[in-house]
Amino acid sequence: MAPMGGPGAMAPMGGAGPMAMGGGGPRPTIRNPVMTLLMLFIPIYGLIVFYTMLKELKAFTQDPDFFEWGWLIPCYGLYWYFVTLQEQIKKGKQMAGAPPPQSIILYWLLGGMAFAKDLNQMADPNWNG
């Protein structure tokens, strides 16, 4: 057996790979999902918070191909929201070791709250509020 730290030394067990480390970017901010409900009632606040959450998701996953402005393009925005964004959230949650993303039905009914809960779980995988 090779000495510790030598060229033939084995890596410690326990999933020390890059995916287990939680991604390369900074973790998202933990938000109160009920406060994100205000996104429905105050549109300017909603746009700002939604874009901020998208930037945090992109920074966490460090995916240069993720187009965070896709929701502004008519017609394509629906595809982007229900397919592209969901794939990015799934990728981020896998990197963080968090449970699977919220149901697509929950995203359809209460999008901001579901998105905030998924980001909260990326920030702290043990969070389940």
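**Entry 1: the loop between H2 and H3**

I began with Cys75, which sits in the loop between H2 and H3. Helices here are DSSP runs (H or I, at least four residues), as are strands (E, at least two), and they are numbered from the N terminus. The phi of Cys75 is near 65 degrees, a positive value in a residue other than glycine. I noted this because most residues other than glycine have a negative phi. Cys75 counts as exposed because its relative accessibility is 72%; the scale is buried under 20% relative accessible area, exposed over 50% and partly exposed in between, with a 1.4 Å probe and protein chains only. Gln62 lies in the loop between H2 and H3 too, and this non-glycine residue has a positive phi of about 50 degrees.

A reminder to myself: this is a predicted model, where local features need pLDDT of at least 70 and side-chain atom pairs count only at pLDDT 80 or more, while totals for chains, interfaces and linings use all residues. Residues are numbered from 1 along each chain as its sequence is written, and side-chain values use heavy atoms, with hydrogens and water left out.

**Entry 2: the overall fold**

I then looked up the secondary structure and found five helices and zero strands. Along the sequence the pattern reads α-α-α-α-α. The chain has 129 residues, and 36% of them count as buried.

How do H2 and H3 pack, and at what angle? Helix H2 (residues 43-61) and helix H3 (residues 76-96) meet at about 50 degrees, with their axes 10 Å apart. The axes are lines fitted to C-alpha atoms over the stretch in contact, and angles run from 0 to 180 degrees between N-to-C directions. H2 and H3 are therefore oblique to each other; under 35 degrees would count as roughly parallel, over 145 as roughly antiparallel, and 65 to 115 as roughly perpendicular, with the rest oblique. Their crossing is left-handed, meaning that the near helix is turned anticlockwise from the far one by less than a right angle.

**Entry 3: salt bridges**

How many salt bridges does a search of the whole structure find? I got four, each being a side-chain nitrogen of Lys or Arg within 4 Å of a carboxyl oxygen of Asp or Glu.

One of them joins Arg31 and Glu56, with the closest N and O atoms 3.0 Å apart. Arg31 is in the segment before H1 and Glu56 in helix H2, so this pair ties together parts 25 residues apart in sequence. Both Arg31 and Glu56 are buried.

I also found Lys91 bridged to Asp63 at 3.5 Å between the closest N and O atoms. Lys91 belongs to helix H3 and Asp63 to the loop between H2 and H3, so parts 28 residues apart in sequence are tied together. Lys91 is partly exposed at 31% relative accessible area, whereas Asp63 is buried at 15%.

Asp118 and Lys93 meet in a salt bridge as well (2.8 Å, N to O). This pair links Asp118 in helix H5 (residues 111-123) with Lys93 in helix H3, 25 residues apart. Is Asp118 buried or exposed? Asp118 is buried, with a relative accessible area of 0%, and Lys93 is buried at 1%.

**Entry 4: a nonpolar patch**

Last, I looked up a nonpolar surface patch of about 1,200 Å², whose residues include Met35, Phe41, Tyr45 and Trp108. Helix H1 (38-41) and helix H4 (104-109) are the elements giving two or more residues, and H4 gives the most, with five. Patch residues have over 30% relative accessible area and no salt bridge, with nonpolar side chains (Val, Leu, Ile, Met, Phe, Trp, Tyr) joined within 5 Å and like charges within 9 Å. The areas come from the Shrake-Rupley method with a 1.4 Å probe, and for residues only the protein chains shown count as cover. Phe41, in helix H1, is exposed at 61% relative accessible area.
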